[in-house]
Structure formats: structure tokens, C-alpha cells
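Keep the model open as you read.

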Amino acid sequence: MLGRNKGKRIEKYIGDYVVFDLETTGVSCYNDQVVEISAVKVKNGQIVEEFTSLVNPGCPISYGASQVNGITDEMVADAPSFDVALAEFLKFVGDYVLVGHNIHTFDMKFLYRDAEKYFGEIPGNDYIDTLRLARLCLPELGHYKLTDLSDYYGISTAGAHRALNDCRMNQIIYERLGAELEKKKEDARICPRCGQFLYKRKGRFGYFLGCGSYPACKYTENL
């Protein structure tokens, strides 16, 4: 779903969504490139379809990146360039809400950058970051890497750091976090305008409750 505007980050459970993950040559959305993109499509909480593609980044993959994800220059030599893989991914996603781990500060930046570069528009899909949900739902945990959450929920981490395996793990984690969210709603304050959680914040005149989807929603309550 390409357009001129970014989607909103939301914090709730929905039954139909697409979990996605990227593997890259490094951590910089300014200098590094995508080497793998994968996704799983979920309906009513169950995976119904999968997508995965290695990507030829047009540059060498650093030793450090290969040590993390196991992807080498030889593996991507005959893979499609990212404009081809990204077009297929966007077709697979359609207008589904995107779900991923740490996507707000990492994966979405690569998607926006390269969609703008190749197609002149960006994905407008709303998205859910399971890292933020985990910090909200499990404040006692302290460590929130995908493998940490998998260990917490007793999910196998075999094949971690390859994009499709991470998507499968994250899908189960999101379902578990959805159950945590339902329990948390019993005690949490919810924004009456958009249904997101309200957070305690400090402003010029003291503490107040502000909507978690700010700046998309600017609802506040005085304390």
C-alpha cells in the first residue's frame, strides 16, 4: 500500500496481520543494504502464507553481519536486487498491518528509504512493534531481544537471525503478547479517541496522561 504518508504505530492485538523481518549488511539505514526479506501472513491468529527472498545488496556483506545472520556473498550472488524483492514483498503484504520486532527504529526505516528510492512512494501500512509491546507488557523481564522473549515463552530459537525463522518466532510471541495485553487492559487507561494506551508523561506544568500513538493522536488527561 504505497503512498505519501507513513502508517501509524499502534499497540493492540489484531487477528490478521503480516510479520516481517529484514537481514542487512549492517545497522545503518543510511549506509547499509538489505540482504534478506521475509514475511508470514496471519489470519485469525494462524499463519496462512509465507514469503522469503535473499537479496543481492550490490556490495560486500561485512564479516560481522555474516557472523550474525549466516548470509554470505556467495549465497546472494544470484539473488534478485532489492527493488525486485521489495516489489514482491509489498504485493504480498497488501494493506495488512505490519508486525515486527524493533521495526520502529530499524526495519521500517529501510522500507521507507528503499520504497522511496525505487518507487517514489512509501508503505502506508500501520504497524506494531513487538519490542515496545514486550516492554509494556513484561516490565519485569529486563531483556527484550527476540531470543530473550522466545526463551521466556518456551519457543524454539533454532535458526534465529535468519529472517523467515525470526518471523515464525515473532508470530508466536505476538500472539502471546496479545494475551498479555488483554490482561493489562483490565488495569490500564485507554485513549477514548483511538483505543491506544495512555502513558504518564511530564510536561511544563507537571505530569499528565498522553496517548501512546502521539503525534497521530494528541489526546491528554490531566493528573
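Predicted model: local features only at pLDDT ≥ 70, side-chain atom pairs only at ≥ 80, totals over all residues.

Residues are numbered from 1 along each chain as its sequence is written, and side-chain values use heavy atoms, with hydrogens and water left out.

Start with the largest pocket, where 23 residues form the lining. On a 1 Å grid over the protein atoms alone, a pocket is an open set of points where a 1.4 Å probe fits, with protein on both sides within 12 Å along at least five of seven lines, and lining residues have an atom within 4 Å of a point. Nearest its centre you will find Glu-23, Val-68, Phe-106, His-161 and Asp-166.

Now move to the second largest pocket, which has 14 lining residues. Look for Gly-7, Lys-8, Arg-9, His-104 and Tyr-127, which lie nearest its centre. Helix H4 (residues 107–119) contributes the most to this lining, with 3 residues; helices here are DSSP runs of H or I with at least four residues, numbered from the N terminus.

Helix H4 also holds Tyr-118. How exposed is Tyr-118? Tyr-118 is partly exposed, because its relative accessible area is 31%, and partly exposed covers what lies between buried (under 20%) and exposed (over 50%), with a 1.4 Å probe and protein chains only.

Notes:
Helix = DSSP H or I, 4+ residues; strand = E, 2+ residues; numbered from the N terminus.
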